[in-house]
Amino acid sequence: MTDYQKHLVEKFKVSSFDDFYAFPLFFELETVNVCNARCSICTINEWKSETPFMEDDVFFRLADEINSHSDTVRIVNLSRDGEPFLDSGLEERIAYFKKGGIKFTTLSTNAALLNEKRILSVLASGLDD
């Protein structure tokens, strides 16, 4: 094993480098492919999404598969390019992962849609970061 592979094994607390070839350890699951901002560095004007919001049945099929590997999955990130707070079911989705045994959930937001009620709701759902 190379020094870099040893570093990864140590950093992500896996038993061997072969663990990286099994079920993925990290997920970015974008449930919203739209955004309320138009940041100059973003590629949003190039997005061409026929379905800007993930259907619930698709989400729950993916989440069930991920949750079935909760013993090895390290992180589920519920954002990528879109603004996750446009998802009216965000809190339910976070809670579903937490109830399924996922240890760490995270997301990234432009924070424009946050208010005290929504912040408290998302934190209560189990969001870690």
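At 17% relative accessibility, Arg 118 counts as buried, where buried means under 20% relative accessible area, exposed over 50%, and partly exposed in between, with a 1.4 Å probe and protein chains only. The structure is a predicted model, in which local features need pLDDT of at least 70 and side-chain atom pairs count only at pLDDT 80 or more, while totals for chains, interfaces and linings use all residues. Residues are numbered from 1 along each chain as its sequence is written, and side-chain values use heavy atoms, with hydrogens and water left out.

**Overall architecture**

- The chain contains four helices and three strands; helices (H or I, at least four residues) and strands (E, at least two) are DSSP runs, numbered from the N terminus.
- Read from the N terminus on, the elements follow the order α-β-α-β-α-β-α.
- The C-alpha trace spans about 45 × 35 × 30 Å along its principal axes.
- Of the 129 residues of the chain, 35% count as buried.

**Salt bridges**

- The whole structure holds six salt bridges, each being a side-chain nitrogen of Lys or Arg within 4 Å of a carboxyl oxygen of Asp or Glu.
- Arg 118 takes part in one of them, with Glu 91 as its partner and an N to O distance of 2.7 Å. Arg 118 lies in helix α4 (residues 116–124) and Glu 91 in helix α3 (residues 90–99), so this pair ties together parts that are 27 residues apart in sequence.
- Glu 91 counts as buried, because its relative accessibility is 14%.
- A salt bridge also joins the side chains of Arg 93 and Asp 87, at 2.7 Å from N to O. Both Arg 93 and Asp 87 are buried.
- Asp 56, Asp 87 and Arg 93 are linked in a network of salt bridges.
- Arg 61 forms a salt bridge with Asp 57, and the closest N and O atoms are 3.9 Å apart. Both residues lie in helix α2, four residues apart, which is about one turn of the helix.
- Arg 61 counts as exposed because its relative accessibility is 56%, whereas Asp 57 is partly exposed, with a relative accessible area of 48%.

**The largest pocket**

- The largest pocket has a volume of about 160 Å³. A pocket is defined on a 1 Å grid over the protein atoms alone, as an open set of points where a 1.4 Å probe fits, with protein on both sides within 12 Å along at least five of seven lines. The volume is the space filled by probe spheres set on the points, and grid points are joined across faces, edges and corners.
- Residues that line this pocket include Cys 35, Cys 39, Cys 42, Arg 80, Asp 81, Glu 83 and Asn 110; lining residues have an atom within 4 Å of a point.
- By class, the lining has five nonpolar, four polar and three charged residues. Ala, Val, Leu, Ile, Met, Phe, Trp, Tyr, Cys and Pro count as nonpolar, Asp, Glu, Lys and Arg as charged, and the others, Gly among them, as polar.

**A nonpolar surface patch**

- Phe 53, Leu 86 and Leu 113 form a nonpolar patch on the surface, with about 220 Å² of accessible area together. Patches are made of residues with over 30% relative accessible area and no salt bridge, in which nonpolar side chains (Val, Leu, Ile, Met, Phe, Trp, Tyr) are joined within 5 Å and like charges within 9 Å. Accessible areas come from the Shrake-Rupley method with a 1.4 Å probe, and for residues only the protein chains shown count as cover.
- Phe 53 is located in the loop between β1 (26–28) and α2 (56–67). With a relative accessible area of 40%, Phe 53 is partly exposed.

**Individual residues**

- Val 32 also lies in the loop between β1 and α2, and is buried, with a relative accessible area of 3%. The C-alpha atoms of Val 32 and Arg 118 are 17 Å apart in space, and the two residues are 86 apart in sequence.
- Leu 90 is found in helix α3 and is buried, with a relative accessible area of 0%.
- Ala 111 is in the loop between β3 (105–106) and α4, and its phi is near 70°, a positive value in a residue other than glycine. Most residues other than glycine have a negative phi.
- Ser 15 is in the loop between α1 (3–11) and β1, and counts as exposed at 67% relative accessibility.
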